[in-house]
Amino acid sequence: MPRLRWIALGALALVLGLLPFVPRGSGDDDGTIRTTADRPTSRTLPLTAGYGRVTPAFRRTIDRVVAEARSEPRLSRTASAKALVDSVVRCATFEGQRYCLGAGWTDRTEAQVQNRTVKAMQADRREAGFSTGDLSAYDAMRQRAAMRPGERARADRAELVQAARSVAKVWLLRHEIQGVPLPANFRAEHPEVRTTPAAEKSGSTGEASGQSRVKRWREYPDKGTVLNPHHVAAQHRTYWCGPTSMQMIAWGWSGHRRTQAHWARRLGTTTSGSAITSMVRVVNEVTGYDKESYAGPYITLDIRDWSFREWRLLMARHVVDYRAPVVLHPVLEKRFYPYLDHDGSGHFQVGRGYQKRDGKTPLLGYFEPWNQQRFHPDEPFIDRVQWRDAYKSYRANQAHFQHNLGV
């Protein structure tokens with residue numbers, strides 16, 4: 001009898017030991033979901049970076065840009081579009097990468113960013129339509145110019161310091177997605193860069209020398225997702241797409257749901273909407289998605305010259321390798337989103353998955369905070385969890401005058 005008991009206990013231990021290897025199915029959304037707590041820790045990961053230091057050279061650049069803004073006279077709300085833009089839109093270059101206040105990392109010149117912002121402001125005044133909560137160019141310029149000099153200097157400095165600390169992340173994305181060689185001595189200059197376990201074991205520095213192998217689209221699985229599809233909400237106010245997207249991102253990280261009003265306060269949302277740079281800042285402040293073991297510090301990235309192939313590779317990298325959502329920043333128009341009853345403004349959505357399709361463009365999975373039926377009962381209901389043609393989402397991103405997103 002004791003022998004039978006030991007045999008039974010041994011069989012039970014064997015079954016329990018094999019449980020982690022039992023397939024869990026590959027059904028719809030739930031079958032591929034992995035929460036942040038499920039992130040594997042031993043697999044080989046691509047390069048990303050944590051927060052870097054603000055070097056003396058970076059500090060001098062920041063001081064110069066802030067000083068230029070301080071020397072500008074305070075503008076009235078009736079100032080021309082060009083006067084507002086010339087005063088507000090300023091750029092700083094860190095290690096060959098350009099960051100423009102309010103717009104993010106870009107390969108455009110300061111003059112080009114200023115010109116496109118002026119055109120967007122002029123279009124804002126001409127076009128009539130509904131806004132779902134993306135801060136328009138006109139309102140963004142007007143709000144910044146109306147700040148007191150000291151308040152504006154502090155805001156500009158904080159944004160530029162955050163940018164300077166994330167320059168390694170910018171270089172890595174351009175290298176990994178677009179194939180841009182990294183600068184000489186990049187790894188030595190940026191100890192915040194995370195190498196793969198394989199590289200660390202071998203002592204190789206090839207990844208940091210500009211010669212690393214880039215992971216291709218075909219190497220990614222057929223489908224990948226992050227975030228729980230039940231952690232969703234519709235925006236409570238027409239101008240709260242930003243707070244609602246932030247609510248869903250933070251909910252996915254912590255498992256706790258905070259109110260949209262809470263996130264509106266954190267983002268500085270007004271009736272004019274939320275800024276993309278505020279969305280990125282708050283993701284970094286309140287979640288752990290900015291850790292080196294996830295995506296590293298989120299950045300506002302201009303992808304105007306990115307091809308669709310590069311854009312979809314960025315989505316796959318973020319979802320599969322970084323296990324982190326994307327702050328999508330499209331224009332909400334019927335030509336891109338057939339569930340709309342009429343065209344809207346710039347908008348925020350939460351990118352959280354992709355699915356490959358044989359012979360067709362892949363699908364993009366995202367959380368949609370906008371439900372037109374809430375504000376117009378006679379219009380069709382819009383689901384929170386969406387799977388739509390990824391190329392149309394790419395086009396919607398490119399159609400926004402800033403052409404950027406939070407990654």
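## Strand β10 and its cover

A residue counts as buried when its relative accessible area is under 20%, and by that cut-off strand β10, which spans residues 360-367 in this predicted model, is mostly covered, with 6 of its 8 residues buried.

## Pairing around β10

Strand β10 pairs with β9 in the antiparallel sense over 6 bridges, and within this pairing R357 has K360 of β10 as its bridge partner. The hairpin that β9 and β10 form has 2 residues between the strands, and in this hairpin G359 takes a positive phi near 70°.

Strand β10 also pairs with strand β11, residues 385-389, again in the antiparallel sense, here over 5 bridges, and L364 stands opposite R388 of β11.

F348 belongs to the loop between β8 (326-328) and β9 (349-357), and F348 is buried because its relative accessible area, 0%, is under 20%. Although F348 and W370 are 22 residues apart in sequence, their C-alpha atoms are 9.0 Å apart in space.

R323, in the loop between α13 (308-321) and β8, has a phi near 50°, which is a positive value in a residue other than glycine; with a relative accessible area of 9%, R323 is buried.

H403 is placed in the loop between α15 (390-399) and β12 (404-406), and its phi, near 50°, is likewise positive in a residue other than glycine. The relative accessible area of H403 is 12%, so H403 is buried as well.

Definitions and conventions:
Residues are numbered from 1 along each chain as its sequence is written. This is a predicted model: local features need pLDDT of at least 70, side-chain atom pairs count only at pLDDT 80 or more; totals for chains, interfaces and linings use all residues. Side-chain values use heavy atoms; hydrogens and water are left out. Helices (H or I, at least four residues) and strands (E, at least two) are DSSP runs, numbered from the N terminus. Buried means under 20% relative accessible area, exposed over 50%, partly exposed in between (1.4 Å probe, protein chains only). Two strands pair if DSSP finds at least two bridges between them.
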